[in-house]
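Please look through the sequence and the model first.

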Amino acid sequence: MNRLIVARMDATSADAVAEIFTGSDATDLPHLIGVSRRTLFRFHDLYFHLVEAGEDVTERLYRARGHPLYQDVARRLAVHMRPYDPNWREPKDAMAIPFYQWEVGRGRADA
């Protein structure tokens, strides 16, 4: 299952954010959450974080929030990120909601 996280980020922070995830992805944190692949995108002042996993990672993500590795990454990213939604309170508030999906050989599927 894929999740797309959206936030605001100055384009000049892209290298620093990539380095934060390079370090984090070398730890056990992706395994704890269930992440199998991560892709970061930027578009002007927007940041898109595509998380790919074999299953829904939402519950594991919430459990990991108390882990020191997660807290370290969150603290370091906070210097470079700000929520897209000013009413952001928790990770689900930054997750895009899919509304259309297409796959070769299967056509359209409800997202």
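The model is predicted: local features need pLDDT of at least 70, side-chain atom pairs count only at pLDDT 80 or more, and totals for chains, interfaces and linings use all residues. Residues are numbered from 1 along each chain as its sequence is written, and side-chain values use heavy atoms, with hydrogens and water left out.

**Salt bridges**

Side chains of opposite charge can pair when their charged atoms come close. A salt bridge is counted here when a side-chain nitrogen of Lys or Arg lies within 4 Å of a carboxyl oxygen of Asp or Glu. The count under this rule is nine salt bridges.

| Pair | N to O separation |
|---|---|
| Aspartate 56 and arginine 3 | 3.1 Å |
| Arginine 37 and glutamate 52 | 3.6 Å |
| Aspartate 72 and arginine 76 | 3.3 Å |

Aspartate 56 and arginine 3 form a salt bridge. This pair links distant parts of the chain, 53 residues apart: arginine 3 is in strand S1 (residues 2-9), and aspartate 56 is in the loop between strand S3 (46-53) and helix H3 (58-64). Helices (H or I, at least four residues) and strands (E, at least two) are DSSP runs, numbered from the N terminus. Aspartate 56 is partly exposed, at a relative accessible area of 36%; buried means under 20%, exposed over 50%, and partly exposed in between, with a 1.4 Å probe and protein chains only.

Arginine 37 forms a salt bridge with glutamate 52. Arginine 37 belongs to strand S2 (residues 35-43) and glutamate 52 to strand S3, so this bridge ties together parts 15 residues apart in sequence. Arginine 37 is exposed at 51% relative accessibility, whereas glutamate 52 is partly exposed at 22%.

Aspartate 72 and arginine 76 are about one helical turn apart because they are separated by four residues in helix H4 (residues 68-78). Aspartate 72 is partly exposed at 28%, and arginine 76 is partly exposed at 30%.

Salt bridges also link Arg8, Asp45 and Arg82 in a network.

**The largest pocket**

A pocket is an open set of points on a 1 Å grid over the protein atoms alone, where a 1.4 Å probe fits, with protein on both sides within 12 Å along at least five of seven lines; lining residues have an atom within 4 Å of a point. The largest pocket holds about 700 Å³ of space, a volume being the space filled by probe spheres set on the points, which are joined across faces, edges and corners.

Its lining has 28 residues, and Ile5, Tyr70, Ala74, Leu77 and Trp88 lie nearest the centre. H4 gives the most to this lining, with five residues. Which kinds of residue make up the lining of the largest pocket? The lining divides into 22 nonpolar, two polar and four charged residues. Here Ala, Val, Leu, Ile, Met, Phe, Trp, Tyr, Cys and Pro count as nonpolar, Asp, Glu, Lys and Arg as charged, and the others, Gly among them, as polar.

**A loop residue**

Histidine 44 is not a glycine, yet its phi is positive, at about 55°. Histidine 44 sits in the loop between S2 and S3 and is exposed, at 58% relative accessibility.

**Tyrosine 100**

Tyrosine 100 lies in the loop between S4 and strand S5 (101-103). Tyrosine 100 is partly exposed at 48% relative accessibility.
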